[in-house]
Amino acid sequence: KGKCPEDAWDESTIELFLHELAIMDSNNFLGNCGVGEREGRVASRLVARRHYRFIHGIGRSGDISAVQPKAAGSSLLNKLTNSVVLDIIKLAGVRTVTNCFVVPMATGMSLTLCFLTLRHKRPKAKYIIWPRIDQKSCFKSMITAGFEPVVIENVLEGDELRTDIEAVEAKIKALGAENILCVHSTTSCFAPRVPDRLEELAVICANYDIPHIVNNAYGVQSSKCMHLIQQGARVGRIDAFVQSLDKNFMVPVGGAIIAGFNDSFIQEISKMYPGRASASPSLDVLITLLSLGASGYKQLLKDRKEMFSYLSSELKKLADAHNERLLDTPHNPISLAMSLKNLDENNDAAVTQLGSMLFTRQVSGARVVPCGSVQTVNNYTFKGFMSHANDYPCAYLNAASAIGIKKEDVDVFVKRLDKCLKTYRKEAKKEKSVNEISNSNTGTEQPED
């Protein structure tokens, strides 16, 4: 049926299935005689086993989705994977999606492929409207495709950074709709940035006849992000949305899914990919989804949502204990942020030092964001880089509840963060005492910072 089975398959069944597909490829025929330049020869038996003897990859030189005659098994693997992934995207909340394909590139390059496909439809266009999100790969995806990003600064609403819809529309009018390749929006992001106002952006794109590409990097795991895409497509225009395989399906880095609501446009994107492609990302995600089953993946989504609530409550308790606060970002369903005002006010280097302390204590993924850092990316200078705004009111720390997170991950993280903050406070108190003694001995006061 081309759908993800409801119940998980055991490992031996999956391996039998893969071996049956692999023996359909010509390089695995017993009497095969290859005289071409690409005959699926592999020098290492270990490498052959690692890939289940799928050596030919997917697609043909002109189309990544095309069937390869001498690799019937690999071609079937590719078709099945795309079909199963489409089923999972529908299950996750985008029910009217019509087509998708797995591409062996991470999210940034997959976005570039989308922009390059649009180039042929809009030859005059040179600009991409981009509500700011401080993440390098999505910014570089536009530069690599040869377009000029038009950065739309976010607006601060409470603690949240949200899309400036009026600024987007004003910029479209100023530049001219025909000169704009697309609007490049974002769903999944680090708090206090929250998902873009996709419905409003989709309506603007429909009104001005401008394509709309959504960076949904790790949004498949969030019912809220997927609902935004579904609603955006219902009320306005969304041409394609791109998501990472590793972030949403817990497979090695190296693949993404390009999906959309117009079957012919998604096919155009797949045909834009030059040459054949590695089958590894397709193989990884198919094995994973067969080993989970639809019910297993739904359970992972449910567990992630519960862990988000748990992480939120534990981080709030910790923030209160250290005279900080959990930033109020109700529109972000994956990422949380805790203020670091006390560290920032006492010592400029203290915020980044906390990040180093956590990393050396084997806490990965937590982002510590100081105020006022400046960074240049491809000749574009961002003030307040990593905070998604020029002047966010405070320094903060990020933590995310992503798919696969366990209760013990949250407990260990909170415990280690608590210890780091206590260590810093202890050292700061000690330094203050030393300064006071020094001042009393010299009879002078320390000048204020």
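Two strands count as paired if DSSP finds at least two bridges between them. This is a predicted model, in which local features need pLDDT of at least 70 and side-chain atom pairs count only at pLDDT 80 or more, while totals for chains, interfaces and linings use all residues. Residues are numbered from 1 along each chain as its sequence is written, and side-chain values use heavy atoms, without hydrogens and water.

Strand 6 (180–186) has 7 of its 7 residues buried, so it is largely enclosed by the rest of the structure; buried means under 20% relative accessible area, exposed over 50% and partly exposed in between (1.4 Å probe, protein chains only). Strand 6 pairs in the parallel sense with strand 2 (residues 127–131) over 3 bridges, where V183 is the bridge partner of I129. With strand 7, strand 6 pairs in the parallel sense over 4 bridges, and S185 stands opposite V214. From strand 6 the chain crosses through helix 7 to strand 7 in a right-handed β-α-β crossover, that is, clockwise from the first strand over the helix to the second with the strands pointing away from the viewer. Strand 7 is also joined, in parallel, to strand 8 (residues 240–244) by 3 bridges.

Within helix 7 (residues 198–208), L198, L201, A202, I204 and C205 are buried. Viewed down the axis of helix 7, these residues fall within an arc of 160 degrees, so they line one face of the helix; the arc is that of the directions from the helix axis to the C-beta atoms. They pack against helix 6, strand 6, strand 7 and helix 8, contact meaning heavy atoms within 4.5 Å.

An unreviewed UniProt entry annotates R234, R361 and K426 as "binding site"; such annotations may be inferred rather than shown by experiment. They span 193 residues in sequence, and the farthest two C-alpha atoms are 54.9 Å apart, so they do not all gather at one spot. R234 lies in helix 8 and is exposed at 58% relative accessibility. R361, in the loop between helix 13 and strand 11, is partly exposed at 33%.

Methods. Helices (H or I, at least four residues) and strands (E, at least two) are DSSP runs, numbered from the N terminus.
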